[in-house]
Amino acid sequence: MKLLVSALEPSSNLHLRELLKHMDGIVLTGIFDKRIEEGEPLYDISEMAIMGVVDAIKKLRWFFKVADEMVTLAKEADKVLLMDSSGFNLPLAKKLKEAYPDKEITYYILPQVWASRPKRVEKLERYCDNLLGILPFETDYYPSGKAQYVGHPLLDEITLSCRPEQNKGCIAFLPGSRKSEIERLMPIFLEVRKRFPDIRPLLVIPPHFTRNQIARLYIGNRNFEIVRNTQEALERAEFAYICSGTATLEAALMGTPFTLAYIAKKLDYFIGTKILGIQEVGLANIILRHKGDTPLHNELLQENVTVDNLVAEYYNTDREKFAAKAKELRDYLGHGSSENVAKILMEKNDE
């Protein structure tokens with residue numbers, strides 16, 4: 001089967017690799033990580049990366065060209081798989097469905113319509129044949145019945161777990177992967193590290209950062225042991241300070257106690273909390289809220305991200321309560337998604 005794939009994000013490509021373990025006879029075309037052996041991409045994901053609004057505007061015309069090229073490629077493809085990245089993939093879905101009304105389009109890792117822009121639901125239902133969600137509550141937002149919960153990919157990909165009794169005295173610091181996040185949090189994390197002179201401090205830096213980028217962005221990094229793999233650091237740590245994003249869910253599923261620390265731009269924070277009504281930032285807390293449950297971890301936001309508050313979190317976090325809530329979360333998500341997605345793609349192909 002020839003599968004046209006649009007997977008722009010590094011995380012999407014991790015999920016794609018896991019998915020391909022359950023599929024035979026697949027040839028990929030489209031946009032994906034060039035290190036994936038099942039095909040030659042039209043564009044590698046590194047070419048799709050954008051840094052900020054200005055960069056996005058500059059590359060807008062180029063993105064339109066890429067979308068048109070993907071439509072041309074789709075002519076020879078048996079099926080289409082779109083993963084996350086709704087800013088590019090949702091308009092692409094429209095172009096593909098208009099060009100090939102009978103070609104099956106699967107959207108895996110749905111946009112967060114429960115957080116913002118709910119009107120995307122109508123477009124997703126109109127242009128896609130299979131809507132595969134990775135959060136149990138997502139399907140409630142799609143009245144057509146096309147959406148189904150397939151499990152969460154992290155439950156396929158996480159093979160490590162925290163061992164708190166063996167990890168005493170080791171704290172992981174995760175200041176994020178975006179330049180603005182790192183610049184805001186790194187000075188505070190450095191001061192927190194100084195308040196724990198006897199700990200083993202781990203600083204998680206994404207693998208794609210070069211030595212020069214690390215020196216420029218991670219001021220004071222020599223006061224830490226640098227770890228390039230998030231799960232490795234979370235396995236070794238008894239506690240973590242995490243910016244936000246997928247790492248918070250990874251920590252929750254691995255059972256590593258943590259506190260979320262996030263400083264957004266004031267305008268973004270105002271829009272998120274006052275206009276969009278966002279109540280939680282951490283994925284684990286969001287999932288549990290939709291389940292009708294209490295939060296898993298504390299969230300320190302904006303001016304509450306202080307050295308004193310972060311230090312207090314280390315001492316005051318109830319480890320036993322965290323472990324119990326983390327198990328609830330894992331049980332709620334239930335299982336991984338990769339095998340189920342593979343079956344959906346392959347079964348209909350065999351009919």
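Visitor: What do the buried residues of helix 7 pack against?
Guide: They contact (heavy atoms within 4.5 Å) strand 7 (170–174), strand 8 (200–204), helix 8 (211–217), strand 10 (239–242), strand 11 (258–262) and helix 13 (307–316). This is a predicted model, in which local features need pLDDT of at least 70, side-chain atom pairs count only at pLDDT 80 or more, and totals for chains, interfaces and linings use all residues. Residues are numbered from 1 along each chain as its sequence is written, and side-chain values use heavy atoms, leaving out hydrogens and water. Helices (H or I, at least four residues) and strands (E, at least two) are DSSP runs, numbered from the N terminus.

Visitor: Which residues of helix 7 are buried?
Guide: Those under 20% relative accessible area with a 1.4 Å probe, protein chains only, are E181, I182, L185, M186, I188, F189, L190, V192 and R193.

Visitor: Where is the kink in helix 7?
Guide: The kink lies at L185, shortly before the proline P187, and is about 35°. The bend is the angle between axes fitted to the seven residues ending there and the seven starting there.

Visitor: New topic: how do helix 10 and helix 12 cross?
Guide: The axes of helix 10 (residues 246–254) and helix 12 (residues 283–290) cross at roughly 70° and come within 7 Å. Axes are lines fitted to C-alpha atoms, for helices over the stretch in contact, with angles from 0 to 180 degrees between N-to-C directions. Helix 10 is therefore roughly perpendicular to helix 12 (65 to 115 degrees).

Visitor: Which residues make that contact?
Guide: T246, T248, L249 and A252 of helix 10 meet L283, A284 and I287 of helix 12.

Notes
Buried means under 20% relative accessible area, exposed over 50%, partly exposed in between (1.4 Å probe, protein chains only). Angles under 35 degrees count as roughly parallel, over 145 as roughly antiparallel, 65 to 115 as roughly perpendicular and the rest as oblique.
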